[in-house]
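Work through the exercises below with the sequence and the model in view. Each task is followed by a solution in steps.

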Amino acid sequence: MEAVVVEGVAKTFHLRHTRSLKETFVWMAKRRDVGNDFRALDSVSVRIEQGETVGLLGLNGSGKSTLLKLISGVMRPDEGLVRVRGKVAGLIEVGAGLHPDLTGRENVYLNGSILGMSRAEIDAKFSSIVDFSEIERFIDTEVKFYSSGMFLRLAFSVAVHTEPDVFLVDEILAVGDEPFQQKCLRRIEELQHEGRTLVIVSHDLDVVERLCTRGLVLEQGRLVVDADVTAAVQHLRRR
Amino acid sequence: MDPGRGGGLLDVVRRRHLLRLLVKKELRVRYWGSSLGLLWSYVKPAVQFVVFYFALGVFLQLNRTIEDYPIYLFSGVVLINFFTEAFGNATRSVVVNAPLVKKIYLPRELFPVASLVVAIIHFVPQLVVLVVAALATGWRPAPVDVGYAVLGLGIVGAFALGLGLLFAALNVFFRDFENIVDLLLLVATWVSPVLYPWTAVREVVGDGWLLQLYLSNPLTLGVELFHRAFWVPGLTQPAELAPLQLPMLVGGLLVLVVLVLGQVVFARSEGRFAQEL
């Protein structure tokens, strides 16, 4: 059974040079470009089976993050369709849902709720979230006083407790110190064993090889490789 | 499931808990580091009332032409304050929450609705000041008066939410709309009978359709209903009440149209928020 279906998806960004009405009118009158188009994704089709772990590879600007954002619903495709079975949670840049003026505790609730957890779920998992992040002592301190490592730990900890059916991970395995990284990887492997579907974006090819079974390589918005992970990593290393 | 397609305002009802947390966040952030906290929202309207009382009522001697002028004035002012905050903050709500909108999918209607809820919370202290002042001048409300107040607040709140949704969406594409909204809000105080009585308008435009149009403005409706709730019951000589039957119909319809239009425009442009911010 497929967990994620992406069919003939294209996404074009219109890079606008101005945000003001006046300038837009003036520029249009002068026939100057108000913006230009940038094709971030072009006829991409992927089917991801339930329980699969897929690594999404490619150089900067190849469209990896755009694809993740389409799957998570933050953006919608211009062409083609995206379908997802079950609940999606994205770790698209950890900490996006954390607010510096709130305490760690308040942020656990706010961020958990943003990621789709119900209040009862958060109540039940609260202590496990705090344990995982290893910052009990600071849980009632405002997040703006946290070190960047503590900040990321808390954010990651909330995200891995959301129990989504499809889990999107964007460049977050570089969180914290070595022991914490290992803990994160173990947690991701746990999620795999629970039969969840994972899509992982990372530039750390070793990590991708360790976690994923299948690799996708994007080049300038096109899907060029869809094979087992070793082949995909080799394709990227050869460049 | 089709990711990124929401159920509009219905989603907000479904995610009440998140709405509550967003509202709490908003209040916490606004009063962080101030020792009086929410008390400030009592101090401000109280000072505003005292200033109005002396400047307009005593010095400009409006107390003589309109009985209980401070109450008349203040019941309109608090409603306009509410509208200004709800509409203004709703317009900015999506742009202000850009980091969230760009990274994680959640029903984006939550942001304008949270602005409305925060405005309601800030409205309560002003209402308290108004009620205390009205009681002091002999106001004894009947149940129907409470009904007028609720109806007035409902009309203005729904109007602010509809406009807020519409302009929040437009503001994502062009930040000029923030300034347009500020301008509209400036006008709002003067196109409804807050500082002057509605009869002053009738003297100029007569009894015809222009007056009906003036009264059909949802803000005018709200303000007039507030007058009936808080000002009229305390009067010793009965005041002439504005005819509100037809305007209620037209204004109510207008609010509904604005609400639907706002929701439709918001839902249709929502898919492009993440890339435009």
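**Exercise 1. Find which residues of α3(A) are buried, and say what they pack against.**

Step 1. In α3(A), the buried residues are G104(A), E106(A), N107(A), V108(A), Y109(A), L110(A), N111(A), G112(A), S113(A) and I114(A). A residue is buried if 20 or more other C-beta atoms lie within 10 Å of its own, exposed if 12 or fewer, and partly exposed in between, with C-beta atoms placed from the backbone. Helices (H or I, at least four residues) and strands (E, at least two) are DSSP runs, numbered from the N terminus.

Step 2. Ten of the eleven residues of α3(A) are buried, so the helix is largely enclosed by the rest of the structure.

Step 3. The packing partners of these buried residues are α4 (119-133) and α5 (148-160) of chain A, together with α2 (16-31) of chain B.

Step 4. Just after α3(A) comes G116(A), with a positive phi of about 100°.

The model is predicted: local features need pLDDT of at least 70, side-chain atom pairs count only at pLDDT 80 or more, and totals for chains, interfaces and linings use all residues. Residues are numbered from 1 along each chain as its sequence is written, while chains are lettered from A and ligands numbered from 1 in the order in which they are written.

**Exercise 2. Describe the side of chain A that touches chain B.**

Step 1. Count the contacts: 31 residues of chain A are in contact with 24 residues of chain B. Contact requires C-beta atoms, placed from the backbone, to lie within 7 Å.

Step 2. The elements of chain A that give two or more residues to this side are α2 (64-72), β4 (79-84), β5 (88-92) and α3 (104-114). α3(A) gives the most, with four residues.

Step 3. By type, this side divides into 15 nonpolar, eight polar and eight charged residues.

**Exercise 3. Name the residues that V199(A) is in contact with, leaving aside neighbours within four places in sequence.**

Step 1. The contacts of V199(A) are I48(A), V54(A), L56(A), L68(A), I71(A), L168(A) and V169(A).

Step 2. Look at chain A as a whole: among its contacts between residues at least 6 apart in sequence, 69% join residues at least 24 apart.

**Exercise 4. State where confidence in chain A is lowest and where it is highest.**

Step 1. The mean pLDDT (the predictor's confidence in each residue, from 0 to 100) of chain A is 83, and 90% of its residues reach 70 or more.

Step 2. Confidence is lowest in β5(A), at a mean of 71, and highest in α4(A), at 91.

Key: Two residues are in contact if their C-beta atoms, placed from the backbone, lie within 7 Å. Ala, Val, Leu, Ile, Met, Phe, Trp, Tyr, Cys and Pro count as nonpolar, Asp, Glu, Lys and Arg as charged, and the others, Gly among them, as polar.
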